[in-house]
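Student: Please take me through this model by question and answer, and state the cut-offs behind each term as we reach them.

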Amino acid sequence: MLFTSATHNISWQVVYGHVCLMQALRRRPTYLELCGLIQSDSFLPCLTDLLRALWAILLSYYKLFCWHRDMWNEEDEAGCTATMQYTKHKLESGLIRIWQDVQSKVKQFVLGSDLSQFSIDSFLHFLDLIHKLITVGHEFASVGGGDGGGPPLLQDSLVTQCSNYFSTYHSSRLEELATHLD
């Protein structure tokens, strides 16, 4: 629960910090509302800060898991207690839960913004960041011997944003081509 709470709080704080740099807020908005307030020139720096903060949470949980795993390996020789089995089960299931929470926060952030006006380089940078997150998250969730947390929740948001981006991108290129041909 501590890591879930940290994921929610850190996500809100990072996005709030970027929104407050650009505009004054009169009330405390929800995380989803904040995601919609991010301006396109702040999107990539905010996403980078958000991913760094979330990666730090994943790393902390991973270190905690590894410390306990080392303890389990030592205790296996002497025989595991019921408390250790319970802790092992909770930490292993927590890997997937934390990864799903991280994906959920990033998905809300990604879908809350309109990326259709990005340059192609900025959009590819965005895709690269999300791809790295998915790769790290899959490895993180599979540490406990699981399937890597199942299909990434971020895939839907990437499909939506790619579709919107390339639709706008191709339309603008066709208009540019028509202008050149005229």
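Student: By class, how many nonpolar, polar and charged residues does the lining of the largest pocket have?

Tutor: The model is predicted, so local features need pLDDT of at least 70 and side-chain atom pairs count only at pLDDT 80 or more, while totals for chains, interfaces and linings use all residues. Residues are numbered from 1 along each chain as its sequence is written, and side-chain values use heavy atoms, with hydrogens and water left out. A pocket is an open set of points on a 1 Å grid over the protein atoms alone where a 1.4 Å probe fits, with protein on both sides within 12 Å along at least five of seven lines, and its lining residues have an atom within 4 Å of a point. With Ala, Val, Leu, Ile, Met, Phe, Trp, Tyr, Cys and Pro counted as nonpolar, Asp, Glu, Lys and Arg as charged and the others, Gly among them, as polar, the lining has seven nonpolar, three polar and two charged residues.

Student: Which element gives the most to the lining of the largest pocket?

Tutor: The lining consists of M1, L2, F3, T4, Y61, L64, K90, L91, S93, G94, R97 and I98. Two or more of these residues come from each of α1 (2–22), α3 (40–78) and α4 (82–111), where helices are DSSP runs (H or I, at least four residues) numbered from the N terminus. With six residues, the element that gives the most is α4.

Student: What is the volume of the largest pocket?

Tutor: Grid points are joined across faces, edges and corners, and the volume is the space filled by probe spheres set on the points. For the largest pocket this comes to about 260 Å³.

Student: Is T4 buried or exposed?

Tutor: T4 sits in helix α1 and touches R97, I98 and D101, residues up to four places away in sequence being left out, where contact means heavy atoms within 4.5 Å. Its side chain is joined to that of D101 by a polar contact of 3.1 Å, a term for a pair of N or O atoms within 3.5 Å of which, within protein, one must be able to donate a hydrogen and the other to accept it, residues adjacent in sequence counting only if both atoms are side-chain atoms. Because buried means under 20% relative accessible area, exposed over 50% and partly exposed in between (1.4 Å probe, protein chains only), the 8% relative accessibility of T4 makes it buried.

Student: Which residue has its backbone oxygen 2.8 Å from a polar atom of the side chain of Q161?

Tutor: Beyond four places in sequence, Q161 touches V110, L111, S113, L115, F123 and F126. Among these residues, the one whose backbone oxygen lies 2.8 Å from a polar atom of the Q161 side chain is S113.

Student: What radius of gyration does the chain have?

Tutor: The chain comes to six helices and zero strands, and its C-alpha trace spans about 80 × 40 × 20 Å along the principal axes. The radius of gyration is taken over C-alpha atoms, and the globule rule is 2.2 Å times the number of residues to the power 0.38. A compact globule of 182 residues would be near 16 Å, but the chain has 20 Å.
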